[in-house]
Amino acid sequence: MSMLRWSVALGLIALAAQIGVAQTAQSPEPAITLVREVVYNELHDHEHHGYWRYRIDRHTPNGIATEDQVETAEGPVSWVTEGNGQPLNGAARAEEQARLERLKASPQEQARHLRDYNKDEDRIGRIVRLLPDAFLYDFDGEENGCTRLRFHPNPSYPSHSIEARVFHSMSGVLLVDARYKRLAGLEGHINQNVDFGFGILGRIYKGGWFKLDRVRVSSTDWKTDQLEVHLNIRALLVTSFARETSETRGAFEAVPARMSVAQGVALLEGSETVSSPRAVQTALVVNR
């Protein structure tokens, strides 16, 4: 499912992801219908989506790491090309190339890569299928040509999984492209602490938030071009840490469909890296 094909983001948003439907006093059915149509389209994205190459700028405490990433039928493959806007030095570049060569040459590594990819895809599917149930929504006007829905937890929803419990503690805004029936943006804020094992096993603290924005890159494909995740977590009483992700994606270029991992690695090794997301934006501009 290409809607959320970003390695780091998958794991983080999986901690905090379910979105449901609103029933407003004036017109409940349109909101329900719209969100269910969006969910259907996102879940069936695999049937017709394209494959893409793009540049990712990951903002970390140590600076900005730039990756060149290619989507394959066995999951995305990438390598780091720059640090803080400068090309990698010879040793770092050789290390990245050696890692890709091992992946390309090892059936065992490719099988592990595919297993990890399938686990991420299954996790996203579970989350998206919960979208019509976990929240109540109010229409909140329009934003950039999209329908804006403000959401809050549905008190009748039973949150059984970790993903459900975390995201069910959130409120925020869902942006839907009503014309194409696709998810255009999402922002959520954790309103209360979420404890696991009565707080003994861990806690996710209130005040955390995440935000993603998506762009239409073809007649059928939408890609995430901005991602922010900021969560404060305590595990096993003693370890506290922050999950921080800030990414910019751009310069989307179509690539041959259903390549193998080895073919994706060969593509990365055999051509120049894509341009900066801000310098060259090949994503389709949607005229609304």
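Modeller: Start with helix α4, where Gln110, His113, Tyr117, Asp120, Glu121, Ile124, Gly125, Ile127 and Val128 are buried. Buried means under 20% relative accessible area, exposed means over 50%, and partly exposed is in between (1.4 Å probe, protein chains only). Helices are DSSP runs of H or I with at least four residues, strands are E runs of at least two, and both are numbered from the N terminus. An α-helix has 3.6 residues a turn, so residues three or four places apart point the same way.

A word on the source. This is a predicted model, in which local features need pLDDT of at least 70 and side-chain atom pairs count only at pLDDT 80 or more, while totals for chains, interfaces and linings use all residues. Residues are numbered from 1 along each chain as its sequence is written, and side-chain values use heavy atoms, with hydrogens and water left out.

Back to α4. It has 23 residues and spans 33 Å from its first C-alpha to its last, close to the 33 Å expected at 1.5 Å a residue. The expected span is 1.5 Å times one less than the number of residues.

Now its partner. Helix α3 (residues 90–105) packs against α4 (residues 107–129) at an angle of about 95°, and the axes are 5 Å apart. That makes α3 roughly perpendicular to α4. The axes are lines fitted to C-alpha atoms, for helices over the stretch in contact, and angles run from 0 to 180 degrees between N-to-C directions. Under 35 degrees counts as roughly parallel, over 145 as roughly antiparallel, 65 to 115 as roughly perpendicular, and the rest as oblique.

Which residues touch? From α3 come Arg102, Leu103, Lys104 and Ala105, and from α4 come Pro107, Glu109, Gln110 and His113. Contact means heavy atoms within 4.5 Å. The residues of this contact split into three nonpolar, two polar and three charged. Ala, Val, Leu, Ile, Met, Phe, Trp, Tyr, Cys and Pro count as nonpolar, Asp, Glu, Lys and Arg as charged, and the others, Gly among them, as polar. Gln110 and His113 are in this contact, and both are also among the buried residues of α4.

Strand β1 (residues 51–60) runs antiparallel to β2, joined by eight bridges. Two strands pair if DSSP finds at least two bridges between them. Ile56 has Glu67 in β2 as its bridge partner. Two residues separate β1 from β2 in a hairpin. Strand β2 (residues 63–70) has six of its eight residues buried, so the rest of the structure largely encloses it.

On its other pairing, β2 is joined to strand β3 (residues 77–83) by six antiparallel bridges. Here Asp68 bridges to Trp79 in β3. This hairpin has six residues between its strands, and Gly75 in the turn has a positive phi of about 110°.

Strands β5 (residues 135–143) and β6 (residues 146–153) pair in the antiparallel sense over seven bridges. Asp138 has Arg150 in β6 as its bridge partner. Two residues lie between β5 and β6. Most residues other than glycine have a negative phi. Asn144, in the loop between β5 and β6, has a positive phi near 55° and is not a glycine. At 65% relative accessibility, Asn144 counts as exposed.

β6 also pairs with β7, antiparallel over five bridges. Arg148 stands opposite Leu175 in β7. β7 is mostly covered, with seven of its eight residues buried. Eight bridges join β7 to β8, which run antiparallel. Gly172 has Gly188 in β8 as its bridge partner. Four residues lie between β7 and β8 in this hairpin. Lys181 sits in the loop between β7 (170–177) and β8 (182–190). Its phi is positive, about 55°, although Lys181 is not a glycine. Lys181 counts as partly exposed, at 24% relative accessibility.

Last, the whole protein. It has six helices and 13 strands. Of its 288 residues, 48% are buried. Among contacts between residues at least 6 apart in sequence, 61% join residues at least 24 apart.
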